[in-house]
Amino acid sequence: MKEDIVIAQTVAWIKSVVIGCNFCPFASKVLLKNSIRYVVLFEATMEKVLETLAEEMQYLDKNEETETTLIILPDRFEDFETYLDQVQIAEELLFNLGYEGIYQVASFHPQYLFAGSEESDAANYTNRSPYPMLHFLREESVSKAVDSYPEIDEVPNRNIRYAHEKGLLYMQQLLVNCIQ
């Protein structure tokens with residue numbers, strides 16, 4: 001699989017799921033500004049992901065016009081529990097490198113499963129993506145966006161209601177359509 005295909009599928013997911021379902025009310029602006037950086041790591045080991053993470057923090061430090069980075073792992077970390085270990089280690093690395101409060105990590109995975117939820121819960125699709133990925137956001141930008149958005153605390157509940165209203169088959173098909 002080629003890098004440009006992985007990126008195109010990821011962009012399709014952002015457009016049809018993240019923005020189309022309004023799961024993130026801030027994603028549209030960032031996509032329109034073309035300020036998302038896509039980094040595709042094939043055959044990534046945990047060490048390679050951490051090395052890339054450190055490089056991306058430095059990249060974001062030097063490139064303020066880039067709002068966010070998605071590190072996409074198309075052929076690794078298929079197991080959700082192993083992926084969650086990677087997310088935790090990535091968060092620890094952010095802290096150890098002195099980036100806590102500067103950047104934050106959001107996580108997306110094809111098998112995303114909220115704690116206590118069933119595999120068949122459509123709400124899991126609010127965080128399901130075509131590939132495992134780590135999303136790095138500028139903390140300052142997140143704070144500004146959150147401060148400017150009315151009832152920000154209601155967004156997760158609204159997303160869950162939306163996914164439940166649309167149903168599991170609808171949410172599954174949206175994701176499948178991104179990779180076809």
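Ala27 touches Val18 and Ile19 when residues up to four places away in sequence are left out of the count, a contact being defined as heavy atoms within 4.5 Å. Ala27 has its place in helix 2 (residues 27–32), where helices (H or I, at least four residues) and strands (E, at least two) are DSSP runs numbered from the N terminus. With a relative accessible area of 12%, Ala27 is buried; buried denotes under 20% relative accessible area, exposed over 50%, and partly exposed the range in between (1.4 Å probe, protein chains only). A separation of 7.8 Å lies between the C-alpha atoms of Ala27 and Ile14, which are 13 residues apart along the chain.

The model is predicted, so that local features need pLDDT of at least 70 and side-chain atom pairs count only at pLDDT 80 or more, whereas totals for chains, interfaces and linings use all residues. Residues are numbered from 1 along each chain as its sequence is written, and side-chain values use heavy atoms, with hydrogens and water left out.

The protein chain contains 7 helices and 4 strands, and its elements follow the order α-α-β-α-β-α-β-β-α-α-α from the N terminus on. The radius of gyration of the protein chain is 16 Å, close to the 16 Å that the globule rule gives for 180 residues, so the chain is as compact as a globular protein of that length; the radius is taken over C-alpha atoms, and the rule is 2.2 Å times the number of residues to the power 0.38. The C-alpha trace spans about 40 × 40 × 30 Å along its principal axes. Of the 180 residues, 44% count as buried, and among contacts with a separation of 6 or more, 74% are accounted for by residues 24 or more positions apart. The chain exposes about 9700 Å², of which carbon and sulfur atoms supply 52%, as computed by the Shrake-Rupley method with a 1.4 Å probe.

A salt bridge is taken as a side-chain nitrogen of Lys or Arg within 4 Å of a carboxyl oxygen of Asp or Glu, and by this rule the count comes to 5. One of them joins the side chains of Lys48 and Glu51 at 3.4 Å, N to O; both residues lie in helix 3 (residues 46–62), 3 residues apart, or about one turn of the helix. Lys48 counts as partly exposed at 34% relative accessibility, as does Glu51 at 41%. Glu119 and Arg128 likewise meet through their side chains in a salt bridge (3.2 Å, N to O), in which Glu119 is partly exposed, with a relative accessible area of 43%, while Arg128 is buried at 3%. In the salt bridge between the side chains of Glu154 and Arg161 (2.8 Å, N to O), Glu154 is partly exposed at 30% and Arg161 is partly exposed at 41%.

Arg138, found in strand 4 (residues 133–138), is buried yet has no salt bridge, the nearest side chain of opposite charge being that of Glu67, 4.7 Å away; in assigning charge, Lys and Arg count as positive and Asp and Glu as negative, with His and the chain ends not counted. A polar atom of the Arg138 side chain lies 2.9 Å from the backbone oxygen of Thr66. Not counting residues up to four places away in sequence, Arg138 touches Leu60, Asn63, Glu64, Thr66, Glu67, Ile102 and Tyr103.

Notes
A polar contact is a pair of N or O atoms within 3.5 Å; within protein, one must be able to donate a hydrogen and the other to accept it, and residues adjacent in sequence count only if both atoms are side-chain atoms.
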